[in-house]
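Here are my notes from an afternoon with this model.

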2 protein chains.
Amino acid sequence: MTRNYRLSLVGFGNVGKAFAKLLLRKEKELASRYGLSVTVTGITTGTHGQAINPEGLHLPAVFETLESGKRLNTLSTTDTPADTIAFIDACPADFLFETTPVNPQTGQPAIKYLQTALQKGMHVITANKGPVVHGYQELTALAAKQGVRFLFESAVMDGAPVFALFRQPLVGANLHGFEGILNSCTNLLLEMMENGQSLEEAIDYGKSIGITETDPSNDIDGWDAAIKVAALVTVLMGIPLKPQQVDRAGIRGLTQAMIESAKVAGERWKLVCMAERLGNQVNASVAPQRVGPESPLYSVNGTSSFCQFKLDVLPGLGILECDPGPETTAYGLLADFLNILEVA
Amino acid sequence: MTRNYRLSLVGFGNVGKAFAKLLLRKEKELASRYGLSVTVTGITTGTHGQAINPEGLHLPAVFETLESGKRLNTLSTTDTPADTIAFIDACPADFLFETTPVNPQTGQPAIKYLQTALQKGMHVITANKGPVVHGYQELTALAAKQGVRFLFESAVMDGAPVFALFRQPLVGANLHGFEGILNSCTNLLLEMMENGQSLEEAIDYGKSIGITETDPSNDIDGWDAAIKVAALVTVLMGIPLKPQQVDRAGIRGLTQAMIESAKVAGERWKLVCMAERLGNQVNASVAPQRVGPESPLYSVNGTSSFCQFKLDVLPGLGILECDPGPETTAYGLLADFLNILEVA
């Protein structure tokens, strides 16, 4: 007997699309291994419309529609809701997957989307750091009250299981602090500077391959890294921390001469994230640092990321994620889904 | 309300002692965080006797007795069982913790100890690679039949949660292969050779600090690494593999000249473990390799270990464990215990 679950997808950019493709690719495996199937009952996109079909949207048709430049609304079997909140209200689903763009300052409107879904009794899963940093306590409490779950594995280190690691695997452990490289974009830019490009040239190339955003300051000035530090501290150390409270220096001050001089000395500049518990407080920072080959940070290449945790029971436990992409982020969403269903 | 569990400890060397100390250190935390307490009802040692007290042994008294050179039997409230099997039969317990020395060839007598405990309806937890490599299927099936669990987090990479990682955190993922450094002893010896010592000098030093065994061939010839590869393949890839089936080369052939020549080139010799799925088969090896600073293996220093996994959903996920000791192995035992109780 196969149990079926209805999914509502809010956001359908690279990650949302990769998730839909992963569901197609894993369809048979989910049925044979866990006895479950999924039906995507609704998708809402930023600029390509939305569709709801309580009987289930045909995902290949969704991709065809988008590829032919049409709006998703042509696939909808219901009236078009006025906005995303109305979409969430109108779409019958057991799980909401939220992958809209991050709002580093407030986490909105994603927090409102998740609240709406939780209030309707849906489990909610997000790849968005915003709601984690700005709404973790409230959303977790609301989920508990509603008897559902709020998970967000993909919000930090893409699909690498950093939050799940601290549930069962590190049960009974206490986190004292961590150090790592959490922003893929700057890590790639620094590597390109090592190969002789200026920061500006590297940024232009990053934009051309979609790694760097139109306004690169979110990455370059360390905001994305600071948000990830705040998310890890808030969730894993139990100390609510806002990105603004992280001592933050980006890579704008790094010159080609500095990169070259490190290289000559056998070292590399890395944008290093750090947090350390001090009683009930935490000392957290993001700053460029020179690291040598004896450090595990040295070999973190390209868009890979790494974080080393210091625990009361383990002096150093590192997690390395190599060559992530939308597919790995999509896996984090799937893992959250399967963990809510407690299939493992 | 506090739930109490009775523990029987078979083996009380460095790891067993560290586990008892961890139980003492975490006593209040286990009560306040999870509402549970433990009673050690029996301990059997290799050469210092054994003790059973159904009301619970007083752990500080156990340490005092051993430190004063006395046998544990002085603390026992029951007759002395004839052997370890009789001890397991006689000691009333809910959990058996097995930390006796590894038998790489057969996994015995540890497998028999675990079978005896499982047949009595106890959960069993081991830090011993032997039963994992030589008895995983049988012991897992027996545990399932008895409605209890068989866990062994500490058998590979000490307390780093490598097996737990593949339960909930990597749910729905399929492992294609892995590469890593799994033998701490040879990793330290190679580092000492980089610092100018001969292999023989390094081994002598290793013996003096307790890292190298009296007969070092288990480490030097790659057997320990091969057993760990076999354990990971057997459990995580679902392909039963014996250490003898791992292509194995140790570090005996490495000369100081080879180490030095790598160093001059900015590289290091590492004893690299590898496994790769080929259909229903697996290609597995242990062999010394030169690695450069662009590899995450390069910065694995001293007795640290590292393993990078290749999955269908994540191209590369690495786990690094730094500076392990008996305390970290002890934590793996505690994590298994808490996971069996499903407190997280």
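Strands here are DSSP runs of E with at least two residues, helices are runs of H or I with at least four, and both are numbered from the N terminus. I call two strands paired if DSSP finds at least two bridges between them. Asp247(B) has Ser285(B) in strand 10 of chain B as its bridge partner.

**Ground rules.** I am reading a predicted model, in which local features need pLDDT of at least 70 and side-chain atom pairs count only at pLDDT 80 or more, while totals for chains, interfaces and linings use all residues. Residues are numbered from 1 along each chain as its sequence is written, chains are lettered from A and ligands numbered from 1 in the order in which they are written, and side-chain values use heavy atoms, with hydrogens and water left out.

**The hairpin.** Next I looked up strand 9 and strand 10 of chain B, which run antiparallel and share 11 bridges. Leu278(B) stands opposite Gln281(B) of strand 10. The hairpin has 2 residues between its strands, and Gly279(B) takes a positive phi near 65° there.

I then traced the strand order: 8(A)-10(A)-9(A)-7(A)-11(A)-12(A)-12(B)-11(B)-7(B)-9(B)-10(B)-8(B), an open sheet of 12 strands with mixed pairing. Strand 8 (247–248) of chain A and strand 8 (247–248) of chain B stand at the edges with a single partner strand each, so one side of each has no neighbour in the sheet. In chain A, strand 7 (residues 175–181) pairs with strand 9 (residues 268–278) in the antiparallel sense over 4 bridges, and Gly177(A) has Glu276(A) in strand 9 as its bridge partner.

**Helices on the sheet.** Helix 8 (residues 184–194) of chain A packs on the sheet and touches strand 7 and strand 9 of chain A, its direction making about 145° with that of strand 9. Contact means heavy atoms within 4.5 Å. I take axes as lines fitted to C-alpha atoms, for helices over the stretch in contact, with angles from 0 to 180 degrees between N-to-C directions. In chain B, helix 11 (residues 223–236) lies across strands 7, 8, 9, 10 and 11, running at about 140° to strand 10.

**Two copies.** How does chain A lie on chain B? A turn of 180° and a shift of 0.0 Å along the axis give an RMSD of 0.0 Å; that is the relation of a two-fold axis. Of the residues of chain A, Ile319(A) comes closest to the axis, at 2.5 Å (C-alpha).

**The interface.** I found 48 residues of chain A in contact with 48 residues of chain B. The two chains bury about 3800 Å² between them, 59% of it on carbon and sulfur atoms; this is the accessible area (1.4 Å probe) lost on being put together, summed over both. Gln168(A), Val171(A) and Tyr331(A) lose the most area in chain A, together 17% of what that side buries.

**Cysteines.** My search of the whole structure found 0 disulfides over all chains, a disulfide being a pair of cysteine sulfur atoms within 2.5 Å. The sulfur of Cys273(B) has its closest cysteine sulfur in Cys307(B), at 7.7 Å, too far for a bond.

How values were computed
Copies are superposed by least squares on the C-alpha atoms of residues with pLDDT of at least 70 in both.
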